[in-house]
Amino acid sequence: MRLLLTAVFAAGALAGGVGALATRVAVAETPAAIRKAPVDDLAALKAKFRRPDSVPFPADNPYTEAKRVLGERLFSDTRLSADASISCASCHDRRKGFADGLAHGKGVPGRPLARHTPTLWNLAFASHVFWDGRARSLEEQVAGPISSPDEMAQPVPQAVERLAADPAVAGAFAAAFPAEPNVTPENLAKALATFERTLISPPTRFDRWVDGEARALNARETEGFRLFAGKAGCANCHSGFAFTDSAFHDIGLPDDDRGRGAVLRLPRVEHAFKTPGLRELGRSAPYMHNGSMASLDAVLDHYQHGVVERDTLSSDLQRRLSLSTKERAALVAFLGTLTSADDPLPPTNLVAREAGPTEPAARVSTVTQHDTQFSPKHLALKPGERIWILNNDSRTHNVRVFDPKLNFDSGAQDPGETVEIAFPEAGRFLVFCGIHPKMELYVDIAP
Ligand code: HEC
Ligand code: HEC
């Protein structure tokens, strides 16, 4: 589904220079220290961080320009707060990486919020949002800040009523939702979510380097990337274009916020939080769900010396990380290349596509999990058939279906364990992992 003109995301071929870098890579790494990433294959590695060529929008809220424009307007509308003092943009300021520059922001009552304000860049590629993933979509998230007594402090119906009283706003809703031309909580959420999905971080020097411009990064920054994807193990979690796996990990921060554990009621994911993306990072300090780290140096101090030992620590976390002063400087230099030079604006010529299965349906009933992926990722079954999902991964998963027709929760599914699911009736069901929600399996049950 091509909605807007040209492809922005350069999917260009890798040009010269890669070979030379690859040679240097092989020399500098100690093979024993490399946990996962095949750093000597730099071209393949770079490709994993390439900008995607399209942005997914859900089938029940497809992209339209009228919705985006309305969403952008609502994002700055202070009528969403009880005393008309703040808008979404008060806490999510583009010039501050869509965060607020504070350890703990403040809403209408002026009390510090329980958690740090996260960035909103590149959430189109996320699934569950909030630090603990308690909202399963951007649409579902919208009611959170409006009605939270610590944030905008206003019941959603009251916000909707205020907006509907303004003929200009009512007209914009009518234009954006011709099939149901009203100011409703659903349409409010759809418009804001559409706008948020277009907040794709602008290209930086790093993207030019990935696309083959070898000189776009200097030697120290290149070295930093190699450390990031190799020895330091950062890319185990900060992976892909947005530098996040959108999964939940305990990285050993010393506080007693239960994070994902409280949401899933799963002891295994106590203290686990969503991996934040690292694009435009240079603008969004302080860092972490509790805003406890003022600088990237403080973040590296944590990964090197600050990790609190406990059973729930993510198995993807590099333990006993040892970095020299030079290596730390290289990592920080590399992270700097993920922030754009100018006041960052999202690209205006996005290519939208419908979210959903990325491969044709297979007619099998056995699925495996490996490296945080289902295989296959799309099944077609007859009514009454069941599926078996075998965890061949080194990680614990939590298989879920959250559907009006079927609410399924496997609990902790450890490596080697199989989960069986019977589907009640015809339709498309999304099976996902509550800990790694980007693991998605679509199951179509024929009528
Ligand atoms: C008073 C400050 C404040 C206001 C106003 C505010 N937010 Fe937030 N926002 C936060 C904080 C803090 C969090 C993290 C809360 C958590 O994870 O528990 C957050 C989280 C989010 C997230 C999840 C991001 C992620 O990476 O998971 C989205 C999306 C979001 N806000 C959008 C909005 C929208 C849309 C509005 C306006 C309707 C809004 N926010 C208003 C402070 C604010
Ligand atoms: C096991 C997965 C994992 C690994 C490995 C990992 N991170 Fe993280 N990272 C996270 C999670 C989860 C958070 C958020 C934690 C929280 O707030 O509780 C985070 C937070 C961050 C932040 C703060 C971002 C923000 O917006 O608040 C930075 C910067 C960061 N990591 C950089 C790194 C670097 C550099 C490395 C390698 C030395 C690394 N990470 C390794 C999962 C990981």
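Two residues are in contact when heavy atoms of theirs lie within 4.5 Å. In this predicted model, five residues of domain 2 meet that condition with four residues of domain 3.

**Domain division**

- The protein is divided into three parts: domain 1 (18-54 + 202-336), domain 2 (64-197) and domain 3 (366-445).
- Domain 1 is assigned as two segments, 18-54 and 202-336, and the range given for domain 2 is 64-197.
- Taken over C-alpha atoms, the centres of domain 2 and domain 3 are separated by 32 Å.

**Interface of domain 2 and domain 3**

- The size of an interface is often expressed as the accessible area that is lost when the parts come together.
- Between them, domain 2 and domain 3 bury about 400 Å², of which 58% is on carbon and sulfur atoms.
- Of the area that domain 2 buries against domain 3, Ser127, His128 and Arg136 supply 83%, more than any other three residues.
- The side of domain 2 that touches domain 3 consists, by class, of two nonpolar, two polar and one charged residues.
- One residue pair is in polar contact between domain 2 and domain 3, with both residues at pLDDT 80 or more.
- The number of salt bridges found across the interface of domain 2 and domain 3 is zero.

**Surroundings of ligand 1**

- Ligand 1 has 27 residues around it, and those that come nearest are Cys88, Cys91, His92, Phe130 and Trp131.
- His92, one of these nearest residues, has an N or O atom in its side chain at 2.9 Å from a nitrogen atom of ligand 1.
- An oxygen atom of ligand 1 lies 2.9 Å from a polar side-chain atom of Arg134.
- In the side chain of Glu151, an N or O atom is 3.5 Å from a nitrogen atom of ligand 1.
- Helix 4 (88-91), helix 5 (138-141) and helix 6 (143-147) are the elements that give two or more residues to the shell around ligand 1.
- By class, the shell around ligand 1 comprises 14 nonpolar, seven polar and six charged residues.

**Surroundings of ligand 2**

- Ligand 2 is surrounded by 26 residues, the closest being Cys234, Cys237, His238, His289 and Tyr303.
- His238 places a polar side-chain atom 2.9 Å from a nitrogen atom of ligand 2.
- An N or O atom in the side chain of His289 is 2.6 Å from an oxygen atom of ligand 2.
- Met288 contributes through its backbone, with an N or O atom 2.7 Å from an oxygen atom of ligand 2.
- The shell around ligand 2 divides by class into 18 nonpolar, six polar and two charged residues.

**Salt bridges**

- Side chains of opposite charge can pair when their charged atoms come close.
- The count of salt bridges comes to 32.
- Glu65 and Arg68 form a salt bridge in which the closest N and O atoms are 3.2 Å apart.
- Both Glu65 and Arg68 belong to helix 3 (residues 65-75), where they are three residues apart, about one turn of the helix.

Key
Residues are numbered from 1 along each chain as its sequence is written. Chains are lettered from A and ligands numbered from 1 in the order in which they are written. This is a predicted model: local features need pLDDT of at least 70, side-chain atom pairs count only at pLDDT 80 or more; totals for chains, interfaces and linings use all residues. Side-chain values use heavy atoms; hydrogens and water are left out. A residue is near a molecule or strand if one of its heavy atoms lies within 4 Å of it. A polar contact is a pair of N or O atoms within 3.5 Å; within protein, one must be able to donate a hydrogen and the other to accept it, and residues adjacent in sequence count only if both atoms are side-chain atoms. Helices (H or I, at least four residues) and strands (E, at least two) are DSSP runs, numbered from the N terminus. Ala, Val, Leu, Ile, Met, Phe, Trp, Tyr, Cys and Pro count as nonpolar, Asp, Glu, Lys and Arg as charged, and the others, Gly among them, as polar. Domain bounds come from an automatic or database domain assignment. Buried area is the accessible area (1.4 Å probe) that two parts lose on being put together, summed over both. A salt bridge is a side-chain nitrogen of Lys or Arg within 4 Å of a carboxyl oxygen of Asp or Glu.
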